[in-house]
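Me: I would like to learn how to read a helix and a sheet in a model. Can we take them one feature at a time?

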Amino acid sequence: MAQGSIEVYESEGRTFPPSDEFAAAALADDRSLYDQADADYEAFWASQARDLLSWSKDFTSVLQWDLPFAKWFEDGELNVSENCLDRHVAAGLGDKVAFHWEGEPGDTRTISYSELLAEVERFANVMKGLGLSKGDRIAIYMPMIPELPIAMLACTRIGVAHSVIFGGFSPDAITDRCEDAEARLIITADAGYRRGEPSALKPNVDAALTAGAPSVENVIVVDRCGTDPAMVEGRDHWWHDLMANAEPSCPPEPMGAEQLLYLLYTSGTTAKPKGIMHTTGGYLTQVAFTHKYVFDLKPETDVYWCAADIGWVTGHSYIVYGPLTNGCTSVMYEGTPDTPRPNERSGDRASWNKDRLWDIVERYGVTQLYTAPTAIRTFMKWGDEWPARRDLSSLRVLGTVGEPINPEAWMWYHDNIGGNSCPIVDTWWQTETGGHMITPLPGVTTTKPGTATTPIPGVYAEVVDDHGNPVEVGGGYLTITRPWPSMLRGIWGDPQRYLDTYWAAYEGRYFAGDGARVDEDGYIWLLGRVDDVMNVSGHRISTAEVESALVDHPAVAEAAVVGATDDITGQAIVGYVILIGSVEASEELREEVRQHVGTKLGPTARPKAVFLVPDLPKTRSGKIMRRLLRDVADGRDLGDTTTLADPDVVAAIREGAAESDEE
Ligand code: WTA
């Protein structure tokens with residue numbers, strides 16, 4: 001491919017050369033990393049694994065590839081928490097700040113590497129004291145507070161795999177995930193601060209455990225907000241009580257490179273989420289490599305900030321494991337980008353501070369900022385004056401992730417946040433890939449607004465047509481052609497689903513589920529999901545999952561869900577619902593059905609609009625015609641759902657169905 005062949009990219013009369021705008025590129029100003037990888041990609045990853053990580057036992061085997069099952073560095077041994085903590089402390093960096101943590105109400109904690117290590121050792125002993133050991137699985141359901149990475153790292157110290165459940169998820173999601181993984185422990189908090197108020201977590205855990213998940217023996221609760229939740233005698237324990245009584249020292253246990261590190265559940269095309277499996281050595285190698293090169297890391301001076309939530313893979317790889325392995329200083333923030341003014345509490349959201357992020361960038365001197373297109377579009381809507389209030393000149397590199405970024409938002413980010421002088425890395429990857437796959441490297445790759453550009457060194461991607469033939473220039477499906485170190489090792493408990501979902505569509509290739517286009521320069525433009533997965537604010541939600549939550553409501557007979565185009569969130573969830581015959585339609589019922597999804601799946605999956613319809617358009621074989629429903633939704637203002645069984649919508653659906661019948 002034509003990597004690096006373009007000297008300058010022009011857009012709207014402006015140029016984006018690779019290094020003028022980034023004169024200080026300390027990185028390879030050449031293509032040496034790509035050349036090394038292309039010469040022998042296994043040797044390349046082996047040398048990265050040895051350079052970036054400390055191994056208690058070196059590996060002799062680099063890759064065992066029994067398509068589609070990979071083992072990387074299999075006979076090597078290492079411990080993740082040792083790589084993230086002990087070795088930095090041993091190197092004299094104990095006083096270095098690991099996290100500048102900021103709570104939403106404005107409280108702060110500065111945590112050095114040695115403090116983090118001490119807490120991790122203690123908490124590992126707490127888990128041992130509860131009888132947990134290598135091979136066990138536990139769940140974590142927490143707000144963005146320091147105890148969250150502490151809990152994760154403590155797991156890695158003793159070989160327990162964690163399954164972090166996003167704090168916005170509902171009790172049902174906790175039950176399902178704990179049952180699937182047979183989790184023995186849940187670590188949670190009473191609540192976390194969100195939009196000026198405590199948002200309860202512990203009561204959701206109680207509800208989840210009332211509904212099921214009998215494998216859970218213990219619950220550990222951090223007292224974040226002082227909301228005094230109910231505690232079940234014998235099952236529930238306060239974090240601070242257990243920590244006060246724990247032994248301080250817990251040596252890291254060496255783990256085989258293929259030891260299960262974590263499960264992270266993600267939406268697929270069915271209602272049942274998939275437990276994506278990540279292991280130790282290969283995962284840590286690729287997240288450390290990408291964190292270093294994609295963000296052009298200067299660990300001595302950088303203050304790096306990934307403004308994601310650890311409940312998603314972005315937070316796992318680029319708040320916890322990548323940055324700590326590289327010994328860098330990070331910012332971690334609990335709340336939302338707009339927050340109530342002091343003393344105002346929730347109030348009228350329009351009057352809130354909308355420069356919270358920029359205030360944090362200024363105060364800590366943030367050098368790299370990594371966020372999502374939805375956030376960038378929201379900032380655009382709020383207006384240029386908010387970032388203009390703050391000095392953002394410390395920023396050197398900007399990142400984006402989670403969904404395709406439109407060139408307009410890219411330009412706004414570049415100009416208003418990056419001061420016209422920061423390279424933007426548009427990073428394409430997935431929960432399944434573990435780490436970055438397609439992204440520019442600052443100082444190396446010429447960027448173009450709106451494209452993730454080309455695969456990183458050591459990763460090989462191709463866009464293929466319906467028959468699996470590579471597309472030279474044009475559109476098709478994104479596939480990965482060779483194994484990579486941080487690839488998923490499977491779906492927990494369901495190897496067949498792993499084969500069917502990722503490896504069956506195109507022989508010998510990993511199918512990502514994304515549509516993509518290759519341009520004349522070999523650059524890859526991501527076009528969004530081609531399966532029945534929606535992407536709302538960068539969060540993956542399956543249509544099937546929302547449909548099953550809709551039909552779970554007693555008044556609903558049938559439901560179809562589509563992702564409609566949305567200016568801010570990329571896609572918005574729209575549900576079409578047929579009520580059971582005996583039920584009278586009403587505005588209240590429609591809202592109740594909509595809220596029911598929020599209760600079942602959590603607020604992120606609550607449809608923006610629900611339409612009550614008498615019928616759904618179907619093909620003769622009974623398949624719901626989602627494309628038609630999407631068109632109908634795209635043609636409407638989703639705020640306007642005031643009329644019941646809306647005649648326009650119904651007419652459009654009927655017409656469309658009739659047309660297709662005639663075809
Ligand atoms: C989408 C998030 C375009 C894509 C790290 C992918 C993107 C899904 C980009 C994975 C990007 C992620 N450009 N689309 N830079 N990054 N996506 O598992 O559809 O939450 O398949 O991982 O997000 O979402 P996931």
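Predicted model: local features only at pLDDT ≥ 70, side-chain atom pairs only at ≥ 80, totals over all residues.

Me: Which residues of helix α7 are buried?

Reply: Buried means under 20% relative accessible area. In α7 (residues 202-211), that applies to K202, V205, D206, A208 and L209. These residues lie on the same side of α7, because the arc they cover around the axis is only 165 degrees.

Me: Which exposed residues does the face turned away from the buried side of α7 carry?

Reply: That face carries T210 and A211.

Me: In what order do the 7 strands of the open sheet come?

Reply: Read the order from strand pairing. It is β14-β13-β10-β8-β9-β16-β17, with mixed pairing. β14 and β17 (274-279) are the edge strands, each pairing on one side only. On average, neighbouring strands are turned by 25 degrees against each other, direction ignored.

Me: How many bridges join β8 to β9?

Reply: There are 4, and the two strands run parallel. One of the pairings to look up is R137, whose bridge partner in β9 is A161.

Me: Which strands does helix α4 lie across, and which does helix α10?

Reply: Helix α4 (residues 113-129) lies across β8, β10 and β13, at about 135 degrees to β10. Helix α10 (residues 313-325) lies across β9 and β16 (260-266), at about 145 degrees to β16.

Methods. Residues numbered from 1 in each chain as written. Heavy atoms only, no water. Buried < 20%, exposed > 50% of the residue type's maximum accessible area, 1.4 Å probe, protein only. Arc of directions from axis to C-beta. Pairing = 2+ DSSP bridges. Axes fitted to C-alpha atoms, helices over the stretch in contact; angles between N-to-C directions. Contact = heavy atoms within 4.5 Å.
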